[in-house]
Amino acid sequence: MNCNPFTLEHRYLIEKASSMVDKLYIFIVEEDKSIFPFKDRFELVKLGTEDLKNVTVLPSGKYMISLLTLPGYFSKDSKTFDTIDASKDLNIFAQCIAPTLGINIRFAGTEPLDKFTCEYNKSMKKELPKFNIEFCEIDRKAINGNIISASKVRQLLSEQKFEEIEKYVPKTTYNYLMKNSINNR
């Protein structure tokens with residue numbers, strides 16, 4: 001997960017996934033290519049999931065959704081593409097990370113908004129079973145028919161619509177956004 005910032009959608013996906021396994025690892029994209037710095041995103045996810053006892057939050061490192069393994073992820077807003085090559089990223093995950101941690105299922109939220117992430121999900125669905133790793137897509141959460149997304153929260157933040165933001169993020173994220181918005185005024 002990137003969690004740029006951590007939303008109720010991310011929380012929902014984590015709750016769903018954690019209810020399906022004994023132990024759930026959440027890898028937070030470590031590249032500092034997002035609006036919110038890695039250390040803040042990482043801390044927001046830890047705070048927002050601390051009540052889920054079977055969840056462990058980890059940094060993604062250099063070998064999972066990184067500039068080294070999946071560079072297109074970080075330029076997707078300006079890139080046009082038909083397909084992506086996620087083979088390096090998925091091979092490292094399937095051959096090194098998953099066996100080391102005993103991972104046999106990988107979760108992702110469905111992705112109707114971001115074409116790159118949608119293609120990445122298709123790649124996982126196709127490639128991971130070759131390594132005996134199940135891929136499970138979880139339907140995204142919506143409020144009044146609108147999918148909760150970090151990009152929506154960032155848009156509302158740019159418009160200073162804090163009352164609206166509160167509907168889309170956990171209290172810990174909301175407090176962080178309020179504190180940092182006040183500091184940046």
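## Close-up views of a predicted model

**View 1. Val 45 and its surroundings.** Outside the four places in sequence on either side, Val 45 has contacts (heavy atoms within 4.5 Å) with Cys 3, Phe 6, Ile 14, Ile 26, Ile 28 and Val 57. The model is predicted, so local features need pLDDT of at least 70 and side-chain atom pairs count only at pLDDT 80 or more, while totals for chains, interfaces and linings use all residues. Residues are numbered from 1 along each chain as its sequence is written, and side-chain values use heavy atoms, with hydrogens and water left out.

**View 2. The nonpolar cores.** A nonpolar core is a set of buried Ala, Val, Leu, Ile, Met, Phe, Trp, Tyr and Cys residues joined through side-chain atoms within 4.5 Å. Buried stands for under 20% relative accessible area, exposed for over 50%, and partly exposed for values in between (1.4 Å probe, protein chains only). The largest nonpolar core has 32 residues, and those with the most contacts inside it are Ile 14, Leu 24, Ile 26, Ile 28, Val 45, Phe 107 and Ile 165. Helix 2 (residues 38–49) supplies the largest share of this core, four residues. Another core, of 21 residues, lies apart from it and has Phe 27, Ile 65, Leu 128 and Ile 133 among its members. Helices (H or I, at least four residues) and strands (E, at least two) are DSSP runs, numbered from the N terminus.

View 3. Strand 1 (residues 24–28) is largely enclosed by the rest of the structure, because four of its five residues are buried. Strand 1 pairs with strand 2 (residues 55–59) in the parallel sense, over five bridges; pairing requires that DSSP finds at least two bridges between two strands. Opposite Ile 28 stands Pro 59 of strand 2. Together with helix 2, the two strands make a right-handed β-α-β unit. Right-handed here means that, with the strands pointing away from the viewer, the path from the first strand over the helix to the second runs clockwise.

View 4. In strand 3 (residues 105–109), five of five residues are buried. One side carries Ile 105, Phe 107 and Gly 109, the other Arg 106 and Ala 108, and both faces are covered. Strand 3 runs parallel to strand 4 (residues 134–138), and five bridges join them. Glu 134 in strand 4 is the bridge partner of Ile 105. From strand 3 the chain passes through helix 4 (residues 115–127) to strand 4 in a right-handed β-α-β crossover.

**View 5. Helix 1 and the segment before it.** Pro 5 is in the segment before helix 1 (8–18), and the peptide bond joining Asn 4 and Pro 5 is cis, with omega about 10 degrees. Thr 7 caps the N-terminal end of helix 1 through a side-chain oxygen that lies 3.1 Å from the backbone nitrogen of Glu 9. Buried residues of helix 1 are Glu 9, His 10, Arg 11, Leu 13, Ile 14, Ala 17 and Ser 18. The elements that cover them include strand 1, helix 2, strand 2, strand 3, strand 4 and helix 5.

**View 6. Two residues with positive phi.** Most residues other than glycine have a negative phi, and most peptide bonds are trans. Ile 65, in the loop between strand 2 and helix 3 (87–101), has a positive phi near 40 degrees. Ile 65 is buried, with a relative accessible area of 12%. Asn 144, in the loop between strand 5 (142–143) and strand 6 (146–147), has a positive phi near 50 degrees. Asn 144 counts as exposed, at 76% relative accessibility.

**View 7. Ser 149.** Ser 149 is in the loop between strand 6 and helix 5 (150–158) and is buried, with a relative accessible area of 8%. The Ser 149 side chain makes a polar contact with the side chain of Ser 151 (3.1 Å). A polar contact is a pair of N or O atoms within 3.5 Å; within protein, one must be able to donate a hydrogen and the other to accept it, and residues adjacent in sequence count only if both atoms are side-chain atoms. Not counting residues up to four places away in sequence, Ser 149 touches Thr 7, Leu 113 and Arg 140.
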